[in-house]
Amino acid sequence: MKRIGSGIVMALVSVGTATGALAGAAAGDPASGYHRAPPAIARILEAAPTPSVAVSPDRTTLAILGRENLPTIANLSKPILRLAGYRIDPATNGPAEVRVQWLNALSFKDIASGRTIPVALPAGTRFASPDWSPDGRHLAFVVQEADGLALWIAGRDGRARRLARGLNAALGSSFTWMPDSRAIVARLVVAGRGPAPAAPATPAGPVVQESKGRTSAARTYEDLLLNAHDEALFDHYFTGQLTRIDAASGAATPIGAPGLYVGFSVSPDGRYLLTERFKRPYSYLLPAYYFPTEIAVTTISGQPVRTVADRPLADDLPVDFDATVKGPREPEWRSDAPATLVWTEALDGGDPKAAVPFHDRVMMQAAPFAAPPVELAKTVNRHAATMWGDDGFALLIDRAWKTRTERRYAVAPARPGTTRLLATRNYQDQYGDPGLPITEENAAGKPVMQFTPDHAAVFATGDGATKAGAFPFLSRMPVSGAAPTRVWTAAAPYYETVVSLLDETGDRILTRRESAAQAPNYVLRSVGGGTARAITDFADPAPVFAGVTQRTITYTRADGLPLSGTLYLPAGYDAARDGPLPTLLWAYPSEYTDAKVAGQTVDQGNRFTRPRGTSHLFLLTQGYAVLDDPAMPIIGENGAEPNDTYVKQLAADAQAAVDAVVKLGVADRDRIAVGGHSYGAFMTANLLAHTSLFRAGIARSGAYNRTLTPFGFQAEQRTYWQATPTYTEMSPFTYADRIKAPILLIHGGADDNSGTFPIQSERMYAALKGNGATVRYVVLPNEPHGYRALESTSETLWQMTDWLDTYVKPARPAGAATAR
């Protein structure tokens with residue numbers, strides 16, 4: 001069993017010396033165990049988070065779901081298994097603590113009357129994965145017990161009960177409702193499976209991998225299988241028995257034989273079961289997603305009907321982002337038909353670089369699956385999604401990563417091959433986004449688009465981005481392909497999204513409304529006018545932030561490209577009285593293929609912003625101004641590769657942002673820091689290596705040496721051997737000797753993100769220390785890519801505050817060099 005970490009924060013510090021040392025444990029020392037964040041921050045961290053909401057399929061009831069606060073480091077440090085890209089808790093046979101947002105309270109609120117009925121759950125209940133029955137009468141959910149996971153259901157009368165024990169959630173979602181709401185199909189732990197395989201006391205021999213001239217490139221993945229014992233553990237914990245469980249009595253009926261069922265769904269008529277099952281041989285270089293996979297249909301009782309695909313190990317894919325497997329993939333049931341199977345097949349052998357007129361096709365086959373499959377449609381690019389309506393209209397979407405192109409097609413399922421191109425657009429274009437059709441669950445619990453009463457259009461919603469702000473809308477999108485007509489648009493000062501249509505005409509809608517001053521809450525309104533009525537009354541989770549001011553600032557890059565960011569100023573700040581502030585720029589670069597799209601700015605002034613977790617916005621409580629998400633576009637037009645000019649464009653983006661906040665008089669040019677997480681950390685190290693704009697930097701969970709991600713990273717599809725100069729120039733590790741500003745490196749000791757292995761920060765620290773930099777390296781035990789435990793979160797914020805208070809907040813000594 002693989003256990004992670006020791007539960008002790010490790011901080012290595014090197015200050016302007018090439019030797020460095022492990023810091024001591026004196027009071028206030030950065031390595032003296034877990035630190036509590038400054039009091040103003042700690043109080044917010046320890047407050048209960050705002051509940052979440054799930055609307056019933058009949059659109060009459062809200063399930064109000066209380067959320068647990070941050071888990072403790074003790075919970076996060078329980079033994080876990082890291083197998084084939086998954087992290088599981090062997091005690092429960094479910095996902096590890098880091099992969100779950102646990103819930104702790106449940107109530108039902110009637111939308112019409114506002115009456116709330118609490119659900120009586122045993123004290124200390126932790127649950128997850130709430131799912132309404134298709135008829136909206138019950139909510140099913142997974143409860144964590146001492147020795148496993150249990151399936152519970154709760155009625156809208158407030159009564160809840162256990163339905164079954166022994167859920168197997170190692171592969172993710174562990175249950176689905178039958179369309180008639182009378183039963184649930186669940187994946188259970190195999191009865192009588194016995195203890196887990198014991199690790200051999202003595203190795204039986206070496207682990208040998210071999211390749212004989214066959215191209216088999218693989219990206220950089222975490223948590224892979226390592227040996228035969230890992231394979232045995234994978235079989236033991238991930239094999240499950242599909243079982244039909246009666247929702248009234250709890251009676252359980254096995255369906256077929258046990259297997260590694262990664263996916264299963266019931267046909268809308270309840271007669272068939274679609275399954276995806278992993279098979280051997282496994283891989284030590286790829287996660288389970290690429291393992292041999294069988295796609296099959298059985299009767300609901302488990303009798304074999306049809307094998308759709310029996311796919312081999314997918315270890316020969318090109319490294320391009322749009323590369324995919326050969327043969328059938330992404331199987332699903334057509335939502336608006338009794339039992340019609342749908343899947344996608346590549347027409348390019350899985351290689352998006354192939355010069356073919358169509359890269360994918362979508363296939364259909366109706367029960368009893370005796371007739372040959374029919375081709376519903378071909379797509380120019382890689383098929384991304386299908387939204388179902390009826391026999392006369394479905395919406396297909398394809399996308400191409402390299403050009404950021406999206407196409408939308410209208411198809412008539414009753415007339416396969418009748419494809420009409422509706423739109424072609426750049427999917428990064430915020431201003432031109434027409435939104436997407438609204439889907440609601442039909443009687444079988446399957447998502448279908450909502451037609452207008454005359455059936456001439458479907459209702460759609462989108463973010464409504466404009467330069468003045470984002471104002472979500474409700475529109476009618478004609479099935480003919482004519483321009484959509486907006487029937488309602490959110491109005492300033494609110495950001496108000498459409499959650500659900502409450503009638504067939506689209507006149508009564510449920511929205512989620514917020515403003516800069518008002519916490520998000522759910523609202524019942526009439527599109528035709530009248531007073532909106534609040535359904536929930538969730539409080540401001542951090543009222544101390546009510547005095548913080550935020551504004552979107554716009555400015556231009558040296559080449560004329562428009563840019564923007566959200567400037568936050570501390571509560572009570574007065575520019576005339578307080579003068580320029582120490583300032584943090586927190587950013588994350590993005591790649592574009594169109595400068596006009598990259599230059600779009602959207603005012604954020606109608607958004608309610610309260611920090612949670614390790615948010616950099618907490619530094620507003622410590623006297624810092626924050627420029628949040630200043631645009632850092634990296635553009636490659638007309639086929640040019642964006643990253644070939646990454647450093648030049650990044651430096652120009654940062655220069656423009658610094659000049660903008662200094663010009664406003666709120667930032668002191670000599671007291672500006674830069675920071676970021678993941679690719680933002682990579683950005684931070686590059687800016688410190690290639691500019692002198694910043695007094696210090698904070699880099700969390702980054703990758704700094706691109707030779708360690710040689711088969712592509714972030715938006716880079718080329719390999720190291722295809723673009724060696726770009727990989728080298730983009731790697732701040734290459735230029736560690738140029739980093740003179742103090743830099744704080746933080747990394748989760750159990751990082752689970754592709755490409756950001758902890759060794760990235762470890763070797764970057766060694767390079768910086770060896771070149772005499774001022775650097776601190778903090779390892780958070782047992783933490784993944786995004787830090788979860790309360791202690792780790794508090795520690796991160798303490799370290800960030802301490803770093804900036806030490807190296808940024810103080811005035812620069814007289815005569816010292818200034819940032820430019």
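**Strands, cores and a pocket**

Visitor: How many bridges join strand β44 to β46, and what makes them a pair?

Guide: Strand β44 (residues 581-586) runs parallel to β46, and 4 bridges join the two. Two strands pair if DSSP finds at least two bridges between them, so β44 and β46 count as a pair. Strands (E, at least two residues) and helices (H or I, at least four) are DSSP runs numbered from the N terminus.

Visitor: What kind of model is this, and how are its residues and atoms treated?

Guide: It is a predicted model, in which local features need pLDDT of at least 70, side-chain atom pairs count only at pLDDT 80 or more, and totals for chains, interfaces and linings use all residues. Residues are numbered from 1 along each chain as its sequence is written, and side-chain values use heavy atoms, with hydrogens and water left out.

Visitor: What average pLDDT does the protein chain have?

Guide: The average is 94, and 96% of the residues score at least 70; pLDDT is the predictor's confidence in each residue, from 0 to 100. Over residues 1-8, however, pLDDT is below 50, and over residues 17-27 it stays under 50.

Visitor: What makes a nonpolar core, and how many residues has the largest one?

Guide: A nonpolar core is a set of buried Ala, Val, Leu, Ile, Met, Phe, Trp, Tyr and Cys residues joined through side-chain atoms within 4.5 Å. The largest has 61 residues, and Leu-745 and Tyr-646 are among those with the most contacts inside it. Helix α6 (residues 646-663) gives the most to this core, 9 residues. A second, separate core of 29 residues includes Trp-803 and Val-808.

Visitor: Which residues is Leu-745 in contact with, leaving aside neighbours within four places in sequence?

Guide: They include Ala-699, Tyr-704, Met-764 and Val-778; contact means heavy atoms within 4.5 Å.

Visitor: What makes a space a pocket, and what volume has the largest one?

Guide: On a 1 Å grid over the protein atoms alone, a pocket is an open set of points with protein on both sides within 12 Å along at least five of seven lines, whereas in a cavity a 1.4 Å probe fits but cannot get out. The largest pocket has a volume of about 690 Å³, volume being the space filled by probe spheres set on the points, which are joined across faces, edges and corners. Lining residues have an atom within 4 Å of a point; of the 35 here, Asp-320 and Gln-717 are among the closest to the centre.

Technical notes: Buried < 20%, exposed > 50% of the residue type's maximum accessible area, 1.4 Å probe, protein only.
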